[in-house]
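Here is a short briefing on a predicted model. The points are grouped by topic.

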Amino acid sequence: MNTMGDPPASRRRPQRRIGLYAALIVGAVVSLFPLYWLLVVASNTTSDIYKTPPRLLPGPLLFENIAKVFDKIDFAGSLGATLIVACSVTALVLFFDSLAAFAFAKYEFPGRDKLFGLVLLTFMLPMQLALIPLFMIMTTLGWVGQLQALIVPAAANAFGIFWLRQYTIGAVPDELMDASRIDGAGFFRQYRTVCLPLIRPGLGFLGLFTFIGVWNDYLWPLTVLTNPEQVTLQVALAQLNSSFGQDYGMIMAGALLAVVPLLLVFLLGARQFIGNIAEGAVK
Amino acid sequence: MTTAVSGAPSAGRTQRRPRGRTLSRRWPLYAAIAPFFILFSAFGLYPTIYSLALSFQRSDGLTTPTWVGLANYQQLLGDEMWWQAVQNTFIIFSLSTFPMLLLALIIAAMLNANVRFSTTFRIAYFVPNITSVVAMAILFGAVFGQSFGLVNSALNAIGLGKVPWLNTPFGIQLVISLLITYQWTGYNAIIFLAGMQAISKDVYEAAQVDGAGRVRTFLSITIPLLRPTIVFVMIVSIITGLQTFTEAQVLTSTGATAAPYSGGAGHGGLTMVLYFYQQAFGYNKFGYGAAIAWGIFLIIFMFTMLSWRYSRRREDLTRR
């Protein structure tokens, strides 16, 4: 593990080791400070923050500021909308992407490699190219302002198929496929009884990845959710900011509410999640 | 694997079977991949082709569009605001990407030095990447506020003057770049770290035998062997960096004076995608917006290809 090539460093150069840890801790503090500051501003009055020097510690007003957020916007409604969209998209993506990934990973059929190449090619198209016509389609369908405008187009994606295909190749052994085939299992039964149980950790990662992405998405929800009464959290937060920009305590309480639930979900699977992100990029 | 009695997936065997039987066995496979292709055709491919047609039209999405040939593209070439947006985007891209990649490399090298609590550090460095851009943009807007922002208070306390961060074009670009750097440094460090851990230990041992020091080892071994990862990260940074929108839109929409999607003081925060959005959804110019979208695509495509070819050429040079 001594990648830098020296003997156990604690024995040789303790002061260099201390410098290393000091640098890493400073970096971690910088990384986390904005979240701390969010809490500080969200728990003080705006005038406490405006003081010179400003208050650097959390104050007692967190719940008052949160109450103001609930007063100004339909926070519960936005949270509900975000949860509906994030959960539906995650469930649909996991289902459709794993089916496609299983077919691409474990079967041969005419056109397979070309079709998979086509999946990869769709990565290349930037979102804003399709944005205006997509909005027009939603107008035609009558979905403007409706949550299905966020759910249906996102229900299957190229990244998930690509990533899960790699995962399935490694996780589902051919021997098990053969055994279940001898038992007379067709594609869908093999998917259910062989593939799904084995790729569960991979689904965990893709699910978390998708959920985080949908939760934080902004451009498309901003475009298509034209009814300010029914928007996702990120859009609601941006509206709160542009209409009440001077009440920092309240705005930051709103920001905190938009960040913390996701942070908790992330921390549950953080270790595995980060490992998968890194692996996927290096392959 | 040859023991399979029916439905064997090996192509050689299945091709010899009667057509009807093959089809009846294969339809589930096509059904399994169909949802993606159906959804992509409807909500990805079709709108993309439609937007090409739209870019040759004058349209507001309500009245009947008229064909105008290349007029939108001609207008784009002479549009000063567009070229300013292009320039802003590249300034923000440069200000964020290079410090970000350098910092990420340093952090990755530190995490790679066999440290304790490595997982905790990695999680701490990764957290900024999963916190919402909107929330962080609002926070950065407050922290860099002119009169009462934390940064100016700190500058004031050490006797320096207040900087009008968000009231000058360059200040806005700097804050957007800082925000991007903040959110993506840890992410890229994690990827660099994985690349470093994939480098064989033997190479390092050989270097040690040759008497190479830490810095020398890092520059002559880690960096060259990490090249594929660096190129990957660079390409991803180009594609995402040149499409910066949310940071710019949220940071410049605070306060009553801000016109929607204008990019703030002196249009400093007007990125290419923000300008696209302003024209398309601020002013309902669907035809012109589509032309801008294709302009952005072309710029990103060319810049990506250029960087790709440049990195390939450098690779050839270093190999010789």
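Helix 4 of chain B crosses helix 8 of chain B in a right-handed sense. This is a predicted model, so every value below is computed from it. Helix 8 of chain B returns in the core, to which it gives the most residues.

**Helix packing in chain B**
- Helix 4 spans residues 80-111 of chain B, and helix 8 spans residues 169-197 of chain B.
- The two helices pack at an angle of about 35°. Their axes lie 6 Å apart.
- Their contact holds 20 nonpolar residues, seven polar and no charged.

**Nonpolar core**
- The largest nonpolar core has 172 residues.
- A:A255 and B:V175 have the most contacts inside this core.
- Helix 8 of chain B gives the most to the core, with 17 residues.
- Beyond neighbours within four places in sequence, B:V175 contacts B:F140, B:F144, B:W165, B:L166 and B:L251.

**Contact between the chains**
- Chain B brings 90 residues to the contact, and chain A brings 85.
- Helix 2 of chain B (residues 19-54) supplies the largest share of the chain B side, 16 residues.
- The chain B side divides into 60 nonpolar residues, 25 polar and five charged.

**Chain A overall**
- Chain A has 15 helices and zero strands.
- Its radius of gyration is 24 Å, whereas a compact globule of 283 residues would have one near 19 Å.
- The C-alpha atoms of chain A fill a box of roughly 75 × 70 × 35 Å along the principal axes.
- Of the 283 residues in chain A, 42% are buried.
- Among chain A contacts with a separation of 6 or more, 72% join residues 24 or more positions apart.

Technical notes. Residues are numbered from 1 along each chain as its sequence is written. Chains are lettered from A and ligands numbered from 1 in the order in which they are written. This is a predicted model: local features need pLDDT of at least 70, side-chain atom pairs count only at pLDDT 80 or more; totals for chains, interfaces and linings use all residues. Two residues are in contact if their C-beta atoms, placed from the backbone, lie within 7 Å. Helices (H or I, at least four residues) and strands (E, at least two) are DSSP runs, numbered from the N terminus. Ala, Val, Leu, Ile, Met, Phe, Trp, Tyr, Cys and Pro count as nonpolar, Asp, Glu, Lys and Arg as charged, and the others, Gly among them, as polar. Axes are lines fitted to C-alpha atoms, for helices over the stretch in contact, and angles run from 0 to 180 degrees between N-to-C directions. A crossing is left-handed if the near helix is turned anticlockwise from the far one by less than a right angle, and right-handed if clockwise. A nonpolar core is a set of buried Ala, Val, Leu, Ile, Met, Phe, Trp, Tyr and Cys residues joined through C-beta atoms within 7 Å. A residue is buried if 20 or more other C-beta atoms lie within 10 Å of its own, exposed if 12 or fewer, and partly exposed in between; C-beta atoms are placed from the backbone. The radius of gyration is taken over C-alpha atoms; the globule rule is 2.2 Å times the number of residues to the power 0.38.
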